[in-house]
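Please look at the model shown below with its ligand in view.

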Amino acid sequence: MSDWTYHSNLPLAAIADAPYWARRHIEDIFPKWGAASLVMNAQLVATELVTNGVRHSGGSMELPEVAITGGRAMPTKSVLPKKGEGAIIRLSLSYEEGRLLIEVWDKSDTPPAAQLPDFVSERGRGLFVVSAFCEKWGWHPSQGGGKVVWAELH
Ligand SMILES: Nc1ncnc2c1ncn2[C@@H]1O[C@H](COP(=O)(O)OP(=O)(O)OP(=O)(O)O)[C@@H](O)[C@H]1O
Ligand SMILES: [Mg+2]
């Protein structure tokens with residue numbers, strides 16, 4: 001990753017509020033990177049990849065209670081796993097002028113399998129949405145186990 005101008009690596013507990021903290025992280029750092037225009041698309045893509053990562057690392061997407069504070073839905077409490085329990089996922093963001101790489105590592109070796117969404121399924125749209133908002137996406141096994149699902153945005 002040394003050829004990227006900016007890089008961040010955020011470990012997240014594999015729990016339902018992980019996508020929320022991924023979005024907050026993106027809107028915090030992107031303006032500092034000069035990448036403010038990519039915030040919304042990056043948040044959308046990261047939300048889908050992080051949600052998949054939580055689901056496929058044994059985490060639960062059961063939603064915590066939220067309250068609207070300052071126009072934002074904020075979790076009222078975090079459903080943190082007990083010490084020594086619970087999986088983490090990793091959100092990596094790399095940026096150089098005009099080019100953003102979003103990577104989500106999870107501990108599952110199973111690859112993602114994009115589906116063609118139909119009109120009735122409630123699920124199976126996330127990667128379809130990701131593919132619509134990025135230049136390319138893919139996955140690769142991770143050296144230490146698990147895998148990385150990535151998407152590149154311009
Ligand atoms: N990180 C992952 N690890 C293992 N399998 C995955 C992962 N991400 C996606 N998949 C597989 O790919 C399928 C398609 O993912 P996608 O995000 O498009 O749909 P979904 O997660 O099932 O539903 P939705 O995102 O619409 O809530 C999933 O059903 C799952 O089988
Ligand atoms: Mg999904």
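A polar contact is a pair of N or O atoms within 3.5 Å; within protein, one must be able to donate a hydrogen and the other to accept it, and residues adjacent in sequence count only if both atoms are side-chain atoms. This is a predicted model, in which local features need pLDDT of at least 70 and side-chain atom pairs count only at pLDDT 80 or more, while totals for chains, interfaces and linings use all residues. Residues are numbered from 1 along each chain as its sequence is written, ligands are numbered from 1 in the order in which they are written, and side-chain values use heavy atoms, with hydrogens and water left out.

**Polar contacts of ligand 1**
- An oxygen atom of ligand 1 lies 3.4 Å from a side-chain N or O atom of glutamine 115.
- A polar side-chain atom of arginine 55 is 3.2 Å from an oxygen atom of ligand 1, and a polar backbone atom of arginine 125 is 2.8 Å from an oxygen atom of the ligand.
- Taken alone, ligand 1 exposes 590 Å², of which the protein buries 86% (Shrake-Rupley method, 1.4 Å probe).

**Shell around ligand 1**
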